[in-house]
Amino acid sequence: MGKLIRAITGDGTIVAYALDATDMVQRAVDIHQTSAVVTAALGRLLTAASMMGVMLKGKDDSITLRVKADGPAGTLLAVSDSEGNTKGYVENPVVEIPLNTAGKLDVGAAVGHHGTLQVLKDLNLKEPYVGHTPIVSGEIAEDITQYLATSEQVPSVCALGVLVNPDLSVRVAGGFIIQLLPFADEAAIEKLEQNIKHVPAVTTAMDAGQTPEDLVRQALDGFSVEILDERTAGYVCDCSRERVENALRSMGETELRAMIAEQGGAEVVCHFCGQKYQFNVPELKGLITPK
Ligand code: ZN
């Protein structure tokens, strides 16, 4: 589990979130067996989802980030609860492409440069809130920044990073999101912009041993910073046999009878964690609700 902190400046005009997502992203690699560039892409999306999960107001609220663009990785998905616990999925876990001109994993090329970031918030209302923004670069952090600025109208700075070892394990992963509240003054904005120009990359900072709190204090250098809370967040899948049963039940009698006749049972695999759920014929028959 990694540490996730929430902080605010002394004048209450800037809020910040920062996360050490190293364990979270390693778990994603263990489950999905991603190649390095996909680890970076999915890891960045999971990190962002976790911090945006903590922004939710209700305890049972959840947020889903879906990136659908024209790169070889296909659709990427990250879901977080309000405690920052996440799970994720990627359509094509293994993508092999050359490093970019800066010698870094080319996340933008793996994700694609044309497409949509969809943000779905389940706030336990009748309908979920859904926002869309076009992909800016496919590098994820810029796409999240764009979404927050245009769809939620909160000027934000988002930095995300995943460093992958040669053996494909995760060396460090994490990031921060800083948000300006409506009454932030020009001087504060300017100071923040100057700071952001000079902060090292998230992976460089974390690889040198910096904590989420260090990331925030560095980005908010010159401001008084109060840590509001800290918690642990990890890769957590909430699937269960009961949920799978409900999903099967909702497929309806015709589908279930076809499964019984054609396959003599069913195996359902959770997309997020790989857990397998087996159903034999009597169990499937038990899910058919009489009309
Ligand atoms: Zn699962």
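1. Lys121 counts as buried, because its relative accessibility is 15% and the cut-off for burial is under 20%. The model is a predicted one, and the points below should be read as descriptions of that model.

2. Lys121 belongs to strand β6, and its side chain is joined to the side chain of Glu152 by a polar contact of 2.6 Å. Once neighbours within four places in sequence are set aside, the residues in contact with Lys121 are Leu56, Ser62, Ile63, Pro128, Tyr129, Tyr147 and Glu152.

3. The sheet comes next. Five strands form an open sheet in the order β5-β4-β3-β6-β7, and their pairing is antiparallel. The edges are taken by β5 (86–90) and β7 (129–134), and each of these has a single partner strand, so one side of each is left without a neighbour in the sheet. On average, and with direction ignored, neighbouring strands of this sheet are turned by 15 degrees against each other.

4. At one edge of this sheet, β5 pairs with strand β4 (residues 76–81) in the antiparallel sense, over 5 bridges. Within this part of the sheet, Leu76 stands opposite Val90 in β5.

5. Helix α2 (residues 36–54) lies across β3 (62–69), β4 and β5, and runs at about 30 degrees to β4. Helix α4 (residues 141–150), for its part, lies across β3, β6 (115–122) and β7, and runs at about 120 degrees to β7.

6. Which residues have the most contacts inside the largest nonpolar core? They are Met52, Leu65, Leu76 and Ile144, in a core that has 60 residues. Helix α2 gives the most to this core, with 13 residues, and the core draws at least three residues from each of domain 1 (2–233) and domain 2 (241–286).

7. Leu65 deserves a separate look. With neighbours within four places in sequence left aside, Leu65 is in contact with Leu45, Ala48, Ala49, Met52, Leu76, Leu77, Ala78, Leu117, Gln118, Val119 and Ile144. Another core, of 23 residues, lies apart from the largest one, and Ala16, Ile178, Leu192 and Phe223 are among its members.

Notes:
Residues numbered from 1 in each chain as written. Predicted model: local features only at pLDDT ≥ 70, side-chain atom pairs only at ≥ 80, totals over all residues. Heavy atoms only, no water. Pairing = 2+ DSSP bridges. Helix = DSSP H or I, 4+ residues; strand = E, 2+ residues; numbered from the N terminus. Axes fitted to C-alpha atoms, helices over the stretch in contact; angles between N-to-C directions. Contact = heavy atoms within 4.5 Å. Buried < 20%, exposed > 50% of the residue type's maximum accessible area, 1.4 Å probe, protein only. Polar contact = N/O pair within 3.5 Å; in protein donor to acceptor, adjacent residues only side chain to side chain. Core = buried A, V, L, I, M, F, W, Y, C linked by side-chain atoms within 4.5 Å. Domains from an automatic or database assignment.
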